[in-house]
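Me: I have a structure open and would like to go through it with you. Could you take my questions one at a time?

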Amino acid sequence: KKDAVSSSGAEAEEESSFFQGLITTVVENLVVNIKNIHFRYEDRISHVDPFCLGFMIHDISVYTTNSHGKKIFVETAYDDNNDFDDDIYDDNTKQKNYTKVINTHKRAHVEGFSLYWSTKKKFKSLASLSTPQWRDQMQSSFYKGNNDADANSISAGEYIVPPMDTYIRVVRHKHIISTNGRTRKRETYEMSLNLDSVCVNV
């Protein structure tokens, strides 16, 4: 009877571990893609001259990469190719002490990020527009080259930061440390921002 209970417990634990690994793999390989983000703040009350401040992002993609920035699919969150071990055998406790570090690389590619400021004669409020008109005005800023869109788009003189492309790299270091049979975990993060070409208008 004990063997049956033990076997049932082992199967349940194995099944739980399988689903946990499956969920982790899905999360680690999740790809996020968002297009045409436009945030705009208008102030016509607190200052004599009304103004608006906003930013736009044409496209942002978040995905998993290897250490060289190449997009990859992670087979498992505990891929041996992504870890390194420092093993020490303790002769007193007859137990193996080790430190395992699992590195997960994420990259967010940002296309067409810009920051703008409009005031005085350049300021055109959108507050009085209907919802469809307001939506069209906000979206038109992303589509230059079309005559109707150009009439409503942000002018060059309004940009604090003209449209630019960049990427953000985030590395998660998951440390698994085993000492004298006891295991503890901790996570550290490393983030870098690529700014090869930035223009700021003041």
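Me: Is aspartate 59 buried or exposed?
Reply: Aspartate 59 counts as buried, at 6% relative accessibility. Buried means under 20% relative accessible area, exposed means over 50%, and partly exposed lies in between, with a 1.4 Å probe and protein chains only. Please note that this is a predicted model, in which local features need pLDDT of at least 70 and side-chain atom pairs count only at pLDDT 80 or more, while totals for chains, interfaces and linings use all residues. Residues are numbered from 1 along each chain as its sequence is written, and side-chain values use heavy atoms, with hydrogens and water left out.

Me: Which side chain meets aspartate 59 in a salt bridge?
Reply: That of lysine 35 does, at 2.9 Å from N to O. A salt bridge here is a side-chain nitrogen of Lys or Arg within 4 Å of a carboxyl oxygen of Asp or Glu. Lysine 35 lies in strand β1 and aspartate 59 in strand β2, so the pair ties together parts that are 24 residues apart in sequence. Lysine 35 counts as exposed, at 53% relative accessibility.

Me: How do β1 and β2 run, and how many bridges join them?
Reply: They run antiparallel and are joined by 11 bridges. Strands (E, at least two residues) and helices (H or I, at least four) are DSSP runs numbered from the N terminus, and two strands pair if DSSP finds at least two bridges between them. Lysine 35 also stands opposite aspartate 59 in β2.

Me: Let us change topic. How many helices and strands are there?
Reply: The chain has 3 helices and 6 strands. From the N terminus on, their order is α-β-β-β-β-α-α-β-β.

Me: What joins β5 to β6?
Reply: Strand β5 (residues 159-179) and strand β6 (residues 182-193) run antiparallel and are joined by 12 bridges. They form a hairpin with 2 residues between them, and asparagine 180 in the turn has a positive phi of about 55°. Lysine 174 has glutamate 187 in β6 as its bridge partner.

Me: Which residue forms a salt bridge with glutamate 190?
Reply: Arginine 169 does, with the closest N and O atoms 3.4 Å apart. Glutamate 190 lies in strand β6 and arginine 169 in strand β5, so this pair ties together parts that are 21 residues apart in sequence. Glutamate 190 is partly exposed at 37%, and arginine 169 counts as partly exposed at 24% relative accessibility.

Me: How many salt bridges does a search of the whole structure find?
Reply: The search finds 4. Among them is one between the side chains of arginine 40 and glutamate 42, at 2.9 Å from N to O.

Me: Which residues make up the largest nonpolar core?
Reply: The 7 residues are Cys52, Met56, Tyr116, Phe123, Phe142, Ile154 and Tyr159. Such a core is a set of buried Ala, Val, Leu, Ile, Met, Phe, Trp, Tyr and Cys residues joined through side-chain atoms within 4.5 Å. Leaving aside neighbours within four places in sequence, the contacts of tyrosine 116 include Cys52, Met56, Ile154 and Tyr159. Contact means heavy atoms within 4.5 Å.

Me: Where does phenylalanine 113 lie?
Reply: Phenylalanine 113 lies in strand β4, residues 95-119, and is partly exposed, with a relative accessible area of 26%. Its C-alpha atom and that of aspartate 59, 54 residues apart along the chain, are separated by 8.3 Å.

Me: And is histidine 105 buried or exposed?
Reply: Histidine 105 counts as buried, at 11% relative accessibility, and it lies in strand β4. Not counting residues up to four places away in sequence, histidine 105 touches several residues, including Tyr63, Thr64 and Arg169.
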